[in-house]
Amino acid sequence: MSNTKYVDPLLDLSFKRIFSVDQNRDLLIAFLNEVFKGRKRIVDLTYNKNEHHGNNKEEGSAIFDLLCTGDQGEKILIEVQNGRPVNFKKRAIFYTSRLISEQAPKGEMDKWKYDITEVYFLAILDEKLKVGEEYFQDICLCNRKTREIFYEGLGYTFIELSNFVKTVDELESDLDRWLYSLKYLGEMDNMPLQLQNNAVFEKLYNIAEYSNMTPEEQEIYDRELKRKWDNEAVKEQQRLDYEEGLKRSRVEGEEIGKEIGRVEEKMEIALVMKKKGFEVSVIAELTQLTPEEVEKL
């Protein structure tokens, strides 16, 4: 079904195929180091289980897209959101809270002394969170007044690809090249010249080739792609219906306004005629108002 050379990296299968496979750890490490922009340097990482259950039936489970542990013990949770993110910020808080609370040992709390490891949440979204026009948002705990960072060990990064509008010739950093690839790779037929001769991106684009998938993977990917197209078609129709409704409302509003204007004009004429002593029946006949309306003037 794919009509391009490369797969959409934000679909579930292709994202996991690129980033969740052990032999591709170097790609994930390279991407995360660009995201952290030197604030952290990840040398190695391990993949963790994605499903985290609560301590009892009443506590909800958390199923992550990708969870890994850095070489310094930091937990890094990555979520990919296709479509409109509903309560997404609250979900981010819930997920990181779960990862923090799970670190508490069963008993001997006094020996542990709340020595929690760092936890980071990274979200890649294809639609806006409606928080400004920035495509890269780095969120941390800080003093609201002084802006001084309160705690470095908990952070949230939101990448809103809909706000990333750089062209291939405007890419300045490897982070730009990553975001450009994540946003447009599924629409490309060839790897841009500006990304060639870079081992990381050469590997990324090679893995992302549709033809390099197994037939089983292609079948799953095609279903996911069709589901995405169907959802986009529904959203587009909703947008068209909304615009048509606005247009119809404007037309109807203009007609109503014109009618109100005509009625007001008739009443002004009727009021002048009434002051000049015309009979109510004559005023009503000439202005097409009812006698009762003329009497009230």
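These legends describe close-up views of a predicted model. Residues are numbered from 1 along each chain as its sequence is written, and side-chain values use heavy atoms, with hydrogens and water left out. Because the model is predicted, local features need pLDDT of at least 70 and side-chain atom pairs count only at pLDDT 80 or more, while totals for chains, interfaces and linings use all residues.

**View 1. The open sheet.** Six strands form an open sheet in the order β1-β4-β5-β6-β8-β7, with mixed pairing. Strands are DSSP runs of E, at least two residues long, and helices are runs of H or I, at least four residues long, numbered from the N terminus. Two strands pair if DSSP finds at least two bridges between them. β1 and β7 (136–142) are the edge strands, each pairing on one side only. From one strand to the next, the twist averages 20 degrees. Axes are lines fitted to C-alpha atoms, for helices over the stretch in contact, and angles run from 0 to 180 degrees between N-to-C directions.

**View 2. Strand β8 and its two partners.** β8 (residues 149–160) pairs with β7 in the antiparallel sense over seven bridges. L141 has Y151 as its bridge partner in β8, and D138 stands opposite T157.

View 3. α3 (residues 88–101) lies across β4 (66–70), β5 (75–81), β6 (119–125) and β8. The helix runs at about 150 degrees to β6.

View 4. D44 sits in the loop between α2 (25–36) and β1 (45–47). The residue is partly exposed, with a relative accessible area of 34%; this class lies between buried, under 20%, and exposed, over 50% (1.4 Å probe, protein chains only). Leaving aside residues up to four places away in sequence, D44 touches R25, I29, T69, G70 and D71. Contact means heavy atoms within 4.5 Å. The D44 side chain makes a polar contact with the side chain of R25 (2.8 Å). Such a contact is a pair of N or O atoms within 3.5 Å; within protein, one must be able to donate a hydrogen and the other to accept it, and residues adjacent in sequence count only if both atoms are side-chain atoms.
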